[in-house]
Amino acid sequence: MLWSGWGDPARATPLPEPVTVLLRDLLGVEPRGTRTVALADIPVPPTPLDATAHRSLAATVGEEHVSVDAETRIRHTRGKSTPDLLRMRDGDAEDIPAAVVLPESHDEVLAVLRVCAEHRLPVVPFGGGTSVVGGLAPGRRATFVALDLRRMNRLLALDPVSRTATLQPGLRAPRAEVLLAEHGFTLGHFPQSYEWATIGGFAATRSSGQASAGYGRFDEMVLGLTLATPEGTLDTGRAPRSAAGPDLRQLLLGSEGAFGVLTSVTVRIRPVPQVRRYEGWRFPSFEEGTAALRRLAQDGPRPTVLRLSDETETLIGLAQPDAIGSSALPQDTGCTAIAGFEGTPEDTVRRRDRAAAVLRDCGGTPLGEEPGERWAHGRYSAPYLRDALLDAGAFAETLETATFWSGVPRLHAAVREALTTTLTGAGTPPLVMCHISHVYENGASLYFTVVCAQADDPLAQWMRAKQAANEAILAAGGTITHHHGVGTDHRDGYLREAGPLGIAALQAVKRRLDPAGLLNPGVLLPTD
């Protein structure tokens, strides 16, 4: 992955001229050109890792799997939020790990954790490195180890009768799909980070994929987990459901490396669909489109993919990222929805026809398959677009939340107002776009994208806006995060959402599993 941006460097492309003109005329963005410090020029101090600790770690995983060179350490510094990238582009490696350790098995992870406990070394689990909420930097400046799980990348077991698969945490999502497809199955989990994210990361952050309307969230797919901790091993999941006390799986899902390191994940799998079809719909307003999505989510038939862009996002064309700035953009007002259907040809046609009747009854106008196919083709391109916007002098970032259906209008308006007011007050009027990204019987997720001109201090610029948005989310009754996770960026909001007693209970769990507080300190929970 590109160390100073997102994804494959070969796929990084500059903004089309129409987009540059749009940014200049609409937001006053002035091109700055690429200002990234070269990787070799980033000042990196020698590793502060104690020689004795280094030898002990090498004895557990092999000397070749303990890296202390500057480039490897830089590539394991922070995640991929816009503030993360801006700091890296400026050559700020303050949060750099002392070493990168690559275990190959559950037993090696346990051994590494024992060594780190002995030497009081904090440990930050590292999967695909795609965190956008400050989930990969310890809360206190310290000598710490990045535990890269990429060698733990196998399909351990597959049960075609029960339709389950056990996967190692470092397995990247595309490779997992290839391995499952060899047996005729799919996980069906396709978040925007799909190309780089890992199975362990999905579980650790309660990830939600773009086909969640049909396949469910990742936490709904998980049937069992194995966790390595400084205190030993925790195994969960003897059956698909159980009444044997509280479900420990739910305690580990979303724990973000603060309780231990996930070393295997057993998931529900489904047959590879014979056909996949995506189509577009237009609604006169976000309110009417939301009502249509609610009907499908509550009364069916529920598509596999179901999402709705508000008026601003539709006008700009972010519903179809690869079409931004082109003649393919919609020329009329309204909101674009995308509905996708997967399965057998017969079932797909039947569900599509029934869904179309509902969407028409709710005021929708069919746009055919071209908008849906454009969305499917460009579904992973938005992060690359974000990098190009940064190069052009724009600031671009996202945030997400969720609420019950009755609260969607209020939450949508509150977050838009908070972002618009804060950034306009700072002299950088923004473009605030939103879409419903995931639907449930009782509510939905709202995903916001913000673009504005970069201020002289873009980090402070976003910190103010992000804080205002977090306050608006909590005041409007939304959750502080729906699928990006807590990390450090959402920790204060999570403390308020969970409440003092809830946080105290989780801190008690952490003290039992991680007595020294070395596992991803400051992430999810405050340090003692």
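Four strands make up an open sheet of mixed pairing, in the order S1-S2-S4-S3. Strands here are DSSP E runs of at least two residues, helices are H or I runs of at least four, and both are numbered from the N terminus. Two strands count as paired if DSSP finds at least two bridges between them. Strand S1 (66-67) and strand S3 (123-126) are the edge strands; each has a single partner strand, so one side of each has no neighbour in the sheet.

This is a predicted model: local features need pLDDT of at least 70, side-chain atom pairs count only at pLDDT 80 or more, and totals for chains, interfaces and linings use all residues. Residues are numbered from 1 along each chain as its sequence is written, and side-chain values use heavy atoms, with hydrogens and water left out.

**The four-stranded sheet, continued**

Strand S2 (residues 99-101) and strand S4 (residues 145-148) run parallel and are joined by three bridges. Val100 stands opposite Ala146 in S4. Helix H5 (residues 106-118) packs on this sheet and touches S2, S3 and S4. Contact means heavy atoms within 4.5 Å. The direction of H5 makes about 175° with that of S4. Such angles run from 0 to 180 degrees between N-to-C directions; axes are lines fitted to C-alpha atoms, for helices over the stretch in contact.

**The seven-stranded sheet**

A second open sheet has seven strands with antiparallel pairing. The order is S15-S12-S14-S13-S17-S18-S16. Strand S15 (365-368) and strand S16 (394-404) stand at its edges. Each has a single partner strand, so one side of each is left without a neighbour in the sheet. Neighbouring strands are turned by 20° against each other on average, direction ignored.

S16 and strand S18 (residues 443-453) run antiparallel, with 11 bridges between them. Leu399 has Phe448 in S18 as its bridge partner. Helix H11 (residues 286-299) packs on the sheet. It touches strand S12 (275-283), strand S13 (305-309), strand S14 (335-343), S17 and S18, and its direction makes about 165° with that of S13. Helix H1 (residues 17-27) lies across S16, strand S17 (431-439) and S18, at about 85° to S18.

**Helix pairs around H17**

Two packed helices are described by the angle between their axes and the distance between the axes.

H4 passes H17 in a left-handed crossing. Left-handed means that the near helix is turned anticlockwise from the far one by less than a right angle; right-handed means clockwise. Pro83, Leu86 and Arg87 of H4 meet Pro458, Leu459 and Trp462 of H17. These contact residues divide into five nonpolar, no polar and one charged. Ala, Val, Leu, Ile, Met, Phe, Trp, Tyr, Cys and Pro count as nonpolar, Asp, Glu, Lys and Arg as charged, and the others, Gly among them, as polar.

On the H16 side, the contact residues are Arg410, Leu411, Ala414, Val415, Ala418, Leu419, Thr422 and Leu423. On the H17 side, they include Trp462, Ala465, Ala468, Ala469 and Ala472. The whole contact divides into 13 nonpolar, two polar and two charged residues.

Met463 is also found in H17. At 61% relative accessibility, Met463 counts as exposed. Exposed means over 50% relative accessible area, buried under 20%, and partly exposed in between (1.4 Å probe, protein chains only).

**Backbone details**

The peptide bond from Gly300 to Pro301 is cis, with omega near -5°. Pro301 sits in the loop between H11 and S13.

Glu256 is a residue other than glycine with a positive phi, near 55°. Its place is the loop between helix H10 (248-252) and strand S10 (261-268). Glu256 is buried, at 10% relative accessible area. Leu524, likewise not a glycine, has phi near 75°. Leu524 lies in the segment after helix H18 (491-513) and is buried at 5% relative accessibility.
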